[in-house]
Amino acid sequence: MNGRRRHQLGVGLVGLVLLGLATLLDGRLPDEDADPGADAFLRTAAVGDRVDLRTMDVRVDAVRTTSALVRFGVEMRSPGVWVVVEYTVVATDENTSVAYAELRAGDRVWSLDGRSSNDCSAGPPGVQVGCVAYFEVPRDAVPDLRVWLARDVVELRYDAVADIDLGLTAADAERGGNAPPLEVPDTWLGERP
Amino acid sequence: MPDSREPTPRRGLLRRHPWVVGAAVLVTVLVVVGTVAALGGLARTSPDDLRAVAPGEEAVAAPFRVRLDRAEATYEVAGDVADEGLAFVVLEGGLTLDAEESVDRVVVGEALSADLTSTYTTFGGPEQEGAPTSVVVADDGTELNGLGPGLTYDVLLVWVIDEAAVPSSMSVRLREHTWRAGFIDKVEAWFDPSPVASIRLEVAPLPDERPVEEPL
Amino acid sequence: MTWRRWRWLVVLPVAVVLVLLASAGRLQLFWLPGELRDETAGREGDPVRVVDRWEDESGDEQERELTVTLVDVRPATWVQGYSGPEAVDPPRGVAVWQISLDFEVDPDVPLGGCQVSLVDGDGREAKAMGGLVGEVLLPPTMCEPENRRGPGYDGSRDEDYLPRLPRYRVAVFAVTAADADPAGVRLWWEPTDYVEIDVRR
C-alpha cells in the first residue's frame with residue numbers, strides 16, 4: 001500500500017470513529033425541548049423531617065389511610081384508598097403557603113384533580129401553619145407512595161420541592177379499607193388544636 | 001455508436017438545462033404534496049365507520065376504559081332537583097383511567113360526546129360538544145372533576161338538558177386522546193380527541209310527575 | 001508581533017459586559033416593573049406626603065396625592081365582629097397587631113385595593129390580610145372607612161356608601177409570629193411605588 005492510500009484509509013477510519021462517537025453522544029444529549037437546567041431542586045426526606053424549601057420549611061406530621069373520607073358533612077367513598085397527609089408549614093420571610101401537592105409511586109402521579117384536594121393558608125413568617133392534603137389512589141399504589149410539596153402550582157422550574165416518603169405498607173392499604181369514615185382534619189394557625 | 005456531438009433529444013434536454021429540469025421537478029412535487037395536504041392528507045377518514053359498542057360492554061378510548069350500561073331521563077340525581085324547564089339525562093356506567101398521571105374534567109368531557117341537543121355546561125352556558133355537565137360517583141353522589149391513574153369508578157354521567165329536548169334514545173361517541181407535547185408550551189398532555197367508538201342507548205322516559213322540592 | 005496576535009483579548013471583556021447588559025434587558029422588561037422599588041420614607045407620627053402612580057383601564061398613567069400618618073402599631077385587643085366587639089385571643093406563637101393610619105386625601109381620589117404589611121426587625125414581612133385567628137375573624141385591609149367610599153378606578157360610585165371625608169382614620173390588622181418586633185409599616189397599591197414608615201421603637 002502506498003502512502004497516499006494509507007493516508008486515505010486513516011482519514012476514513014478517523015471519520016468513522018468520530019461518527020460513531022457522535023452517534024453515541026447524540027443519544028445521551030437531552031432533546032431540544034428539555035431544559036435540565038430548570039429542573040426543580042428535590043429535597044428528599046421522611047415523615048417527621050423538617051425540609052428547607054428556601055421560602056418556607058415543611059414537615060409531614062402524619063399520614064392516614066381510609067376508604068371513606070368526610071368533608072363538610074359529605075362522605076366520599078373511594079374505590080381505592082384515601083391517603084390523608086397532615087403537614088406543617090413555616091414561612092421564612094413573607095407570607096407563603098404550599099399550593100402544589102402530588103403523590104407519586106414509581107412513574108405514576110396523582111395530582112389534585114378529581115376529589116383530591118390541598119388545604120393550606122399562607123401564614124406570616126415564623127408562624128406554624130397546619131395544612132392537609134388528601135388524595136385517592138388505587139390500593140396497589142400505597143406501599144410506594146411519596147408526597148411532593150412545593151410553593152407554586154404553576155411553575156416548578158428552578159423551585160425547591162420536598163420529596164417525602166410516606167412510609168406506608170400494603171397493610172396500611174388493607175387497614176384503610178376497614179377503617180370507619182375519617183373526618184378531614186382542620187387546618188390550624190400557630191399551634192395544633 | 002451515436003455521434004457524441006448530437007445526443008438524443010431527451011438526454012440533451014437534461015444535460016443542457018439541468019437547473020431548469022430540476023426546478024420543474026421540485027415545483028411539481030411541491031404542488032402535489034401541497035394539494036394533498038390542503039385536502040386533508042392521505043389518512044383514511046370515515047367518520048361514520050365508528051366501532052359500535054353495546055351497552056354494558058367495555059371499550060377503550062385512550063386514556064380511559066369506558067362502560068355505559070343504561071340511560072334514563074329524570075328530574076332528580078344525587079340529591080339535586082332540576083330547575084323548572086330543565087331535566088337530567090343520566091347514564092350509568094364505569095370509568096377507568098389507564099394513564100400515568102391524573103387527568104382533569106376537560107379531558108373526561110372530551111372523551112364522551114353525546115348527540116343530545118340543548119344541554120348545558122356546569123357554568124350554565126350552552127354545551128357545544130355533547131360533553132356531560134357533570135360526572136358523579138355512583139356510590140356516594142359526590143362530583144368527580146377528573147380522576148387519578150389506576151382508579152375505576154362506577155359513575156353517573158349527567159347532562160342537564162331542556163325538558164323539551166329529552167330524547168327517547170341517544171348515542172354517545174367515545175373519543176380517544178393522543179399524549180403529546182403541546183405546540184405552544186411544549187408541555188405534554190392529552191390532545192386531539194378523535195372518535196373511535198359509539199354506543200347507542202335507549203333513554204328511559206321522564207317520570208310523570210316532577211318531585212316537589214323541599215322548601216329551605 | 002505577539003502583541004498584535006493577542007490584541008483581540010482586549011475586546012473580550014468589553015464583549016462580555018455588552019452581553020451582560022443585553023441580557024439584563026429581560027430584568028428591565030419582566031421583573032423590575034413588578035417590584036416595589038420607588039420608596040417614599042417616613043416616620044411614625046409624621047405626616048408623609050405621597051404621590052402614587054397607577055395605571056388606569058386604558059393603560060394611561062395617573063397620579064394620586066395623599067398624606068398618610070402612621071399613628072401607632074399596638075397589639076390588637078378587640079375587633080368589630082358581626083354582632084359587636086370581639087376580643088382578640090391569638091394562639092401560642094402568634095401575635096396580632098393593630099396598625100392605625102390617618103389619611104388626608106381628596107374624597108374623589110380612588111383608594112381601593114391598598115396593601116399593607118408589617119416589617120419586623122429581622123426583615124421578615126407579614127402581610128396584613130384579615131382572616132381567622134383563633135375564633136375571631138379579622139377584618140380585611142382597607143384604606144377607606146367602614147361606611148364611606150371614594151370612586152372606583154373606572155370612575156363609578158357605589159350608591160350604598162356615603163362619600164369619604166377629607167380626613168379619617170383606619171385600623172388595619174396584621175398577624176405575625178409572637179417574637180416579631182415591628183420595625184416598619186409598608187403601604188402600596190401597585191408596584192413600583194410604595195410607602196415605608198418606620199415604627200418608633
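Modeller: A word on terms before we start: domain bounds here come from an automatic or database domain assignment. Also, this is a predicted model.
Biologist: Good to know. Which domains is chain C divided into?
Modeller: Domain 1 covers residues 1-34 of chain C, and domain 2 covers 39-198.
Biologist: And how many Å apart do the C-alpha centres of those two domains lie?
Modeller: For domain 1 and domain 2 of chain C, the centres are 44 Å apart.
Biologist: Let's switch to sheets. What is the strand order in the open sheet of five strands in chain C?
Modeller: The order is β1-β13-β12-β7-β8, and the pairing is mixed.
Biologist: Which strands stand at the edges?
Modeller: Those are β1 (38-43) and β8 (125-127) of chain C. Each has a single partner strand, so one side of each is left without a neighbour in the sheet. From one strand to the next, the twist averages 25 degrees.
Biologist: How do β12 and β13 of chain C run, parallel or antiparallel?
Modeller: Antiparallel: four bridges join β12 (residues 182-188) to β13 (residues 193-198) in chain C. Within that pairing, V185(C) has I197(C) of β13(C) as its bridge partner.
Biologist: New topic: what joins β4(C) to β5(C)?
Modeller: A hairpin does, passing through two residues. Strand β4 (residues 78-81) and strand β5 (residues 84-87) of chain C run antiparallel, with four bridges joining them.
Biologist: Which residue is the bridge partner of Q80(C) in β5(C)?
Modeller: Look for P85(C), which pairs with Q80(C) across that bridge.

Note on methods:
Residues numbered from 1 in each chain as written. Chains lettered and ligands numbered in written order. Predicted model: local features only at pLDDT ≥ 70, side-chain atom pairs only at ≥ 80, totals over all residues. Pairing = 2+ DSSP bridges. Axes fitted to C-alpha atoms, helices over the stretch in contact; angles between N-to-C directions.
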